[in-house]
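Hi,

Here is the structure we talked about. Please open it and keep it beside you while you read the notes below.

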Amino acid sequence: MPERFEVGLPDGVRLNVEATEPTDAQVTAVLLHGWTLDGRAWHRQVDALTAAFGGSVRVVTYDARGHGRSSCMALPTATLAQLGDDLATVLDTVAPVGPVVLVGHSMGGMTIMEYAHRHAAHFAARTAGLVFVSTTAEGHTHTVYGLSPRIARLIRLAETTGAGVLARCGSWRAPRALLNALRPSIRWMLFGDRCDPSDIRLVTSAVARASLRSIGGFRASIGTQHRLDTLTALAHLPAAALVGDRDRLTPPPCAESIAAALPATELTVCPGAGHMLMMERPDEVNAALTGVLRRVLAEPPPRSRGATPAETGV
(Lines give C-alpha, C1' and ligand atoms only; values in the text may rest on other atoms or scores of the structure.)
Protein backbone atom coordinates (compact mmCIF):
# COMPACT_ATOMS: atom_id res chain seq x y z
CA MET A 1 0.00 0.00 0.00
CA PRO A 2 1.30 3.48 -0.80
CA GLU A 3 2.33 5.68 2.11
CA ARG A 4 0.18 8.80 2.58
CA PHE A 5 1.59 12.08 3.93
CA GLU A 6 1.41 15.84 3.40
CA VAL A 7 3.76 18.32 1.75
CA GLY A 8 3.58 21.91 2.96
CA LEU A 9 3.88 24.73 0.43
CA PRO A 10 5.32 28.20 1.08
CA ASP A 11 1.86 29.84 1.15
CA GLY A 12 0.54 27.44 3.77
CA VAL A 13 -1.34 25.09 1.45
CA ARG A 14 -0.87 21.42 2.33
CA LEU A 15 -0.87 18.80 -0.42
CA ASN A 16 -2.02 15.23 0.08
CA VAL A 17 0.66 12.89 -1.32
CA GLU A 18 0.79 9.11 -1.77
CA ALA A 19 4.02 7.29 -2.64
CA THR A 20 5.15 3.71 -2.97
CA GLU A 21 8.42 2.38 -1.62
CA PRO A 22 11.35 2.46 -1.78
CA THR A 23 12.54 6.04 -1.39
CA ASP A 24 15.86 5.16 -3.06
CA ALA A 25 14.34 3.68 -6.24
CA GLN A 26 16.30 4.18 -9.47
CA VAL A 27 13.52 6.34 -10.96
CA THR A 28 10.55 8.19 -9.49
CA ALA A 29 7.37 8.44 -11.57
CA VAL A 30 5.17 11.40 -10.58
CA LEU A 31 1.56 11.18 -11.81
CA LEU A 32 -0.43 14.44 -11.96
CA HIS A 33 -4.22 14.36 -12.22
CA GLY A 34 -6.60 16.59 -14.16
CA TRP A 35 -8.86 19.50 -13.27
CA THR A 36 -11.51 18.66 -10.60
CA LEU A 37 -10.02 15.15 -10.10
CA ASP A 38 -7.53 13.79 -7.57
CA GLY A 39 -4.70 11.27 -7.30
CA ARG A 40 -7.09 8.31 -7.17
CA ALA A 41 -7.61 8.69 -10.92
CA TRP A 42 -4.28 6.88 -11.38
CA HIS A 43 -5.02 3.81 -9.24
CA ARG A 44 -4.74 1.37 -12.15
CA GLN A 45 -1.40 2.86 -13.19
CA VAL A 46 0.00 2.76 -9.64
CA ASP A 47 -0.88 -0.94 -9.40
CA ALA A 48 0.51 -1.74 -12.85
CA LEU A 49 3.81 0.10 -12.37
CA THR A 50 4.36 -1.43 -8.95
CA ALA A 51 3.78 -4.90 -10.38
CA ALA A 52 5.99 -4.29 -13.42
CA PHE A 53 8.98 -2.61 -11.77
CA GLY A 54 8.86 -3.46 -8.07
CA GLY A 55 11.48 -1.48 -6.17
CA SER A 56 13.11 -0.02 -9.29
CA VAL A 57 10.43 2.66 -9.69
CA ARG A 58 8.82 4.73 -6.97
CA VAL A 59 5.34 5.96 -7.91
CA VAL A 60 4.08 9.27 -6.50
CA THR A 61 0.61 10.81 -6.85
CA TYR A 62 -0.68 13.93 -5.17
CA ASP A 63 -3.83 16.04 -5.04
CA ALA A 64 -3.35 19.51 -6.51
CA ARG A 65 -4.17 22.52 -4.34
CA GLY A 66 -7.91 22.80 -3.82
CA HIS A 67 -8.47 19.22 -4.98
CA GLY A 68 -9.00 15.92 -3.19
CA ARG A 69 -7.60 15.87 0.33
CA SER A 70 -5.32 18.87 -0.25
CA SER A 71 -6.27 22.15 1.39
CA CYS A 72 -7.94 25.06 -0.37
CA MET A 73 -5.99 28.15 -1.38
CA ALA A 74 -6.33 31.88 -1.99
CA LEU A 75 -8.07 32.60 -5.28
CA PRO A 76 -5.08 34.44 -6.87
CA THR A 77 -3.07 31.20 -6.60
CA ALA A 78 -5.60 29.16 -8.59
CA THR A 79 -3.39 29.26 -11.68
CA LEU A 80 -1.32 26.87 -13.75
CA ALA A 81 1.75 28.99 -12.97
CA GLN A 82 1.25 28.24 -9.27
CA LEU A 83 0.74 24.54 -10.01
CA GLY A 84 4.08 24.53 -11.84
CA ASP A 85 5.72 26.06 -8.77
CA ASP A 86 3.98 23.48 -6.55
CA LEU A 87 5.39 20.65 -8.65
CA ALA A 88 8.92 21.96 -8.17
CA THR A 89 8.36 21.98 -4.40
CA VAL A 90 6.90 18.47 -4.44
CA LEU A 91 9.92 17.13 -6.31
CA ASP A 92 12.35 18.79 -3.92
CA THR A 93 10.48 17.30 -0.97
CA VAL A 94 9.44 13.85 -2.15
CA ALA A 95 12.18 12.99 -4.66
CA PRO A 96 15.10 15.34 -4.01
CA VAL A 97 17.60 13.20 -5.95
CA GLY A 98 17.48 10.84 -8.89
CA PRO A 99 15.73 11.01 -12.27
CA VAL A 100 11.98 11.55 -12.47
CA VAL A 101 9.44 10.71 -15.14
CA LEU A 102 6.53 13.16 -15.18
CA VAL A 103 3.10 11.91 -16.21
CA GLY A 104 0.24 14.38 -16.62
CA HIS A 105 -3.44 14.02 -17.45
CA SER A 106 -5.24 17.11 -18.76
CA MET A 107 -4.47 19.91 -16.24
CA GLY A 108 -1.65 17.70 -14.92
CA GLY A 109 0.04 17.74 -18.31
CA MET A 110 -0.34 21.51 -18.46
CA THR A 111 1.20 21.70 -14.98
CA ILE A 112 4.26 19.84 -16.27
CA MET A 113 4.60 22.31 -19.15
CA GLU A 114 4.31 25.23 -16.76
CA TYR A 115 6.98 23.72 -14.50
CA ALA A 116 9.28 23.33 -17.52
CA HIS A 117 8.61 26.94 -18.53
CA ARG A 118 9.04 28.57 -15.12
CA HIS A 119 11.81 26.34 -13.72
CA ALA A 120 13.80 25.43 -16.82
CA ALA A 121 17.08 24.60 -15.06
CA HIS A 122 15.34 22.66 -12.29
CA PHE A 123 13.35 20.73 -14.91
CA ALA A 124 16.46 19.94 -16.94
CA ALA A 125 18.33 18.70 -13.87
CA ARG A 126 15.55 16.36 -12.75
CA THR A 127 13.34 15.21 -15.62
CA ALA A 128 14.26 12.10 -17.60
CA GLY A 129 10.98 11.29 -19.37
CA LEU A 130 7.48 12.58 -20.11
CA VAL A 131 4.02 11.10 -20.67
CA PHE A 132 1.11 13.33 -21.69
CA VAL A 133 -2.39 11.86 -21.38
CA SER A 134 -5.40 13.70 -22.82
CA THR A 135 -3.86 17.14 -22.48
CA THR A 136 -3.02 20.22 -24.52
CA ALA A 137 -0.36 22.89 -24.91
CA GLU A 138 -2.80 25.31 -26.56
CA GLY A 139 -5.47 26.16 -24.02
CA HIS A 140 -8.97 25.82 -25.43
CA THR A 141 -7.84 26.37 -29.05
CA HIS A 142 -9.13 22.96 -30.18
CA THR A 143 -11.91 22.45 -27.63
CA VAL A 144 -15.33 22.35 -29.31
CA TYR A 145 -16.92 19.64 -27.09
CA GLY A 146 -17.60 17.51 -30.15
CA LEU A 147 -20.14 20.11 -31.34
CA SER A 148 -20.32 22.84 -33.98
CA PRO A 149 -17.98 25.81 -33.38
CA ARG A 150 -20.96 28.15 -32.90
CA ILE A 151 -22.51 26.01 -30.16
CA ALA A 152 -19.06 25.48 -28.64
CA ARG A 153 -18.60 29.24 -28.32
CA LEU A 154 -21.90 29.53 -26.48
CA ILE A 155 -20.95 26.70 -24.13
CA ARG A 156 -17.57 28.29 -23.47
CA LEU A 157 -19.20 31.62 -22.68
CA ALA A 158 -21.58 29.95 -20.22
CA GLU A 159 -18.73 27.91 -18.74
CA THR A 160 -16.54 30.98 -18.29
CA THR A 161 -19.35 32.93 -16.63
CA GLY A 162 -20.16 30.01 -14.34
CA ALA A 163 -16.49 29.56 -13.46
CA GLY A 164 -16.30 33.16 -12.29
CA VAL A 165 -19.23 32.59 -9.96
CA LEU A 166 -17.82 29.33 -8.58
CA ALA A 167 -14.40 30.90 -8.01
CA ARG A 168 -15.97 33.24 -5.45
CA CYS A 169 -17.49 30.36 -3.46
CA GLY A 170 -14.34 29.63 -1.45
CA SER A 171 -13.79 26.20 0.05
CA TRP A 172 -17.40 25.08 -0.36
CA ARG A 173 -17.93 21.88 -2.29
CA ALA A 174 -20.65 20.84 -4.70
CA PRO A 175 -23.46 18.84 -3.04
CA ARG A 176 -23.21 15.15 -3.84
CA ALA A 177 -26.94 15.03 -4.63
CA LEU A 178 -26.41 17.63 -7.37
CA LEU A 179 -23.39 15.78 -8.78
CA ASN A 180 -25.30 12.50 -8.81
CA ALA A 181 -28.02 14.23 -10.81
CA LEU A 182 -25.37 15.52 -13.21
CA ARG A 183 -23.77 12.10 -13.77
CA PRO A 184 -25.19 11.73 -17.30
CA SER A 185 -23.63 15.08 -18.27
CA ILE A 186 -20.31 14.18 -16.61
CA ARG A 187 -20.33 10.84 -18.39
CA TRP A 188 -21.02 12.51 -21.76
CA MET A 189 -18.32 15.15 -21.29
CA LEU A 190 -15.53 12.93 -19.97
CA PHE A 191 -15.99 9.43 -21.35
CA GLY A 192 -16.17 7.87 -24.79
CA ASP A 193 -18.15 4.89 -26.05
CA ARG A 194 -17.76 2.79 -22.89
CA CYS A 195 -17.77 3.71 -19.21
CA ASP A 196 -17.40 1.36 -16.25
CA PRO A 197 -19.89 2.38 -13.53
CA SER A 198 -17.09 2.33 -10.94
CA ASP A 199 -15.19 4.92 -12.97
CA ILE A 200 -18.05 7.40 -13.14
CA ARG A 201 -18.54 6.93 -9.40
CA LEU A 202 -14.86 7.69 -8.76
CA VAL A 203 -14.95 10.79 -10.98
CA THR A 204 -18.11 12.06 -9.30
CA SER A 205 -16.51 11.47 -5.90
CA ALA A 206 -13.43 13.42 -6.97
CA VAL A 207 -15.47 16.39 -8.20
CA ALA A 208 -17.33 16.35 -4.89
CA ARG A 209 -13.98 16.72 -3.06
CA ALA A 210 -12.77 19.66 -5.16
CA SER A 211 -13.46 23.11 -3.73
CA LEU A 212 -15.71 25.35 -5.81
CA ARG A 213 -12.87 27.89 -5.79
CA SER A 214 -10.61 25.41 -7.58
CA ILE A 215 -13.33 24.29 -9.99
CA GLY A 216 -13.95 27.90 -11.01
CA GLY A 217 -10.61 29.51 -10.33
CA PHE A 218 -8.35 27.40 -12.56
CA ARG A 219 -10.58 27.77 -15.61
CA ALA A 220 -9.05 31.04 -16.85
CA SER A 221 -5.41 29.95 -16.97
CA ILE A 222 -6.33 26.52 -18.38
CA GLY A 223 -8.11 28.21 -21.27
CA THR A 224 -5.32 30.63 -22.13
CA GLN A 225 -2.10 28.65 -21.63
CA HIS A 226 0.15 28.24 -24.68
CA ARG A 227 3.37 26.26 -24.19
CA LEU A 228 4.27 24.69 -27.53
CA ASP A 229 7.47 26.75 -27.59
CA THR A 230 8.41 25.33 -24.21
CA LEU A 231 7.89 21.78 -25.46
CA THR A 232 10.20 22.20 -28.45
CA ALA A 233 13.13 22.53 -26.04
CA LEU A 234 12.33 19.11 -24.55
CA ALA A 235 12.59 17.07 -27.74
CA HIS A 236 15.56 15.05 -26.43
CA LEU A 237 13.52 13.36 -23.70
CA PRO A 238 11.81 9.96 -24.04
CA ALA A 239 8.14 10.85 -24.31
CA ALA A 240 4.69 9.54 -25.13
CA ALA A 241 1.34 11.21 -25.79
CA LEU A 242 -2.08 9.58 -25.76
CA VAL A 243 -5.55 10.81 -26.72
CA GLY A 244 -8.98 9.33 -27.33
CA ASP A 245 -10.66 10.05 -30.64
CA ARG A 246 -13.89 10.79 -28.73
CA ASP A 247 -12.22 13.27 -26.37
CA ARG A 248 -14.48 16.34 -26.19
CA LEU A 249 -12.13 18.46 -24.05
CA THR A 250 -8.67 17.81 -25.53
CA PRO A 251 -9.37 16.25 -28.94
CA PRO A 252 -6.72 14.60 -31.15
CA PRO A 253 -5.36 17.89 -32.60
CA CYS A 254 -4.15 18.73 -29.07
CA ALA A 255 -2.02 15.58 -28.88
CA GLU A 256 -0.92 15.96 -32.49
CA SER A 257 0.49 19.43 -31.82
CA ILE A 258 2.35 18.07 -28.78
CA ALA A 259 3.80 15.28 -30.90
CA ALA A 260 4.80 17.79 -33.58
CA ALA A 261 6.66 19.84 -30.95
CA LEU A 262 8.30 16.65 -29.64
CA PRO A 263 9.06 14.70 -32.86
CA ALA A 264 10.36 11.60 -31.04
CA THR A 265 7.13 11.28 -29.05
CA GLU A 266 5.17 8.05 -29.44
CA LEU A 267 1.61 9.17 -30.23
CA THR A 268 -1.28 6.81 -29.43
CA VAL A 269 -4.84 7.56 -30.52
CA CYS A 270 -7.38 5.32 -28.79
CA PRO A 271 -10.52 4.64 -30.87
CA GLY A 272 -13.81 5.12 -29.05
CA ALA A 273 -12.16 6.59 -25.94
CA GLY A 274 -12.88 9.95 -24.33
CA HIS A 275 -10.97 12.18 -21.93
CA MET A 276 -10.40 9.68 -19.10
CA LEU A 277 -7.88 7.40 -20.79
CA MET A 278 -6.26 6.12 -17.58
CA MET A 279 -9.66 4.60 -16.74
CA GLU A 280 -11.04 3.87 -20.21
CA ARG A 281 -7.85 2.47 -21.73
CA PRO A 282 -5.58 1.51 -18.81
CA ASP A 283 -3.65 -1.06 -20.86
CA GLU A 284 -2.62 1.52 -23.46
CA VAL A 285 -1.70 4.10 -20.81
CA ASN A 286 0.22 1.53 -18.78
CA ALA A 287 2.10 0.42 -21.89
CA ALA A 288 3.12 4.00 -22.68
CA LEU A 289 4.29 4.62 -19.10
CA THR A 290 6.17 1.33 -19.04
CA GLY A 291 7.84 2.08 -22.36
CA VAL A 292 9.15 5.47 -21.25
CA LEU A 293 10.27 4.12 -17.87
CA ARG A 294 12.16 1.22 -19.47
CA ARG A 295 14.00 3.66 -21.73
CA VAL A 296 14.92 5.82 -18.74
CA LEU A 297 16.05 2.82 -16.68
CA ALA A 298 18.23 1.65 -19.58
CA GLU A 299 20.09 4.96 -19.78
CA PRO A 300 23.39 5.25 -17.90
CA PRO A 301 22.89 7.32 -14.74
CA PRO A 302 24.10 10.94 -15.03
CA ARG A 303 26.70 12.22 -12.62
CA SER A 304 24.08 14.27 -10.79
CA ARG A 305 20.30 14.45 -10.89
CA GLY A 306 19.82 16.77 -7.96
CA ALA A 307 19.03 20.43 -8.46
CA THR A 308 21.29 23.02 -6.95
CA PRO A 309 19.80 26.03 -5.13
CA ALA A 310 20.70 28.24 -8.08
CA GLU A 311 18.65 26.02 -10.39
CA THR A 312 15.42 26.21 -8.48
CA GLY A 313 14.55 29.84 -9.16
CA VAL A 314 11.87 30.98 -11.58
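Start at serine 134, in the loop between strand E6 (127-133) and helix H5 (149-167). One caution before we go on: this is a predicted model. Phi of serine 134 is near 50°. That is a positive value, and serine 134 is a residue other than glycine. Is serine 134 buried or exposed? Serine 134 has 0% relative accessibility, so it counts as buried.

Now go to serine 106. You will find it in the loop between strand E5 (100-105) and helix H3 (107-118). The relative accessibility of serine 106 is 13%. Buried means under 20%, so serine 106 counts as buried.

One more backbone detail. Which kind of peptide bond joins glutamate 21 and proline 22? The bond is cis, with omega at about -5°. Proline 22 sits in the loop between strand E2 (14-19) and strand E3 (27-32).

Next, the whole chain. It has 14 helices and eight strands. There are 314 residues, and 55% of them are buried. The chain exposes about 12900 Å². Carbon and sulfur atoms supply 58% of that area. Now take the contacts between residues at least 6 apart in sequence. How many of them join residues at least 24 apart? The figure is 82%.

What does histidine 67 touch, not counting residues up to four places away in sequence? The list is His33, Gly34, Trp35, Thr36, Leu37, Met107, Ala210, Ser214 and Phe218. Histidine 67 and isoleucine 215 are 148 residues apart in sequence. In space, they are 8.6 Å apart, C-alpha to C-alpha.

Alanine 88 is in helix H2 (residues 80-94). Its relative accessible area is 5%, so alanine 88 is buried. Leave aside its neighbours within four places in sequence. Alanine 88 is then in contact with Tyr115, His119 and His122. Isoleucine 112 is 24 residues away from alanine 88 in sequence. The C-alpha to C-alpha distance between alanine 88 and isoleucine 112 is 9.6 Å.

Then find threonine 265. Its loop runs between helix H12 (252-261) and strand E8 (266-270). Relative accessibility is 10%, so threonine 265 counts as buried. Which residues is threonine 265 in contact with, leaving aside its neighbours within four places in sequence? They are Ala239, Ala240, Ala241 and Ala259.

Last, two helix pairs. Two packed helices are described by the angle between their axes and the distance between the axes.

Take helix H1 (residues 43-53) and helix H14 (residues 282-298). Their axes come within 10 Å and cross at roughly 45°. That angle makes H1 oblique to H14. The crossing of H1 past H14 is right-handed. On the H1 side, Arg44, Gln45, Ala48, Leu49 and Phe53 make the contact. H14 brings Pro282, Val285, Asn286, Leu289, Thr290, Leu293, Arg294 and Leu297.

H7 makes the contact through Arg183, Ile186, Arg187 and Leu190. H8 makes it through Ile200, Arg201, Val203 and Thr204. Among the residues of the H7 and H8 contact, four are nonpolar, one is polar and three are charged.

Best wishes

Key. Residues numbered from 1 in each chain as written. Predicted model: local features only at pLDDT ≥ 70, side-chain atom pairs only at ≥ 80, totals over all residues. Heavy atoms only, no water. Helix = DSSP H or I, 4+ residues; strand = E, 2+ residues; numbered from the N terminus. Buried < 20%, exposed > 50% of the residue type's maximum accessible area, 1.4 Å probe, protein only. Contact = heavy atoms within 4.5 Å. Nonpolar A, V, L, I, M, F, W, Y, C, P; charged D, E, K, R; others polar. Areas by Shrake-Rupley, 256 points an atom, 1.4 Å probe, with all protein chains shown as cover. Axes fitted to C-alpha atoms, helices over the stretch in contact; angles between N-to-C directions. Parallel < 35°, antiparallel > 145°, perpendicular 65-115°, else oblique. Left-handed = near helix turned anticlockwise from the far one by under 90°.
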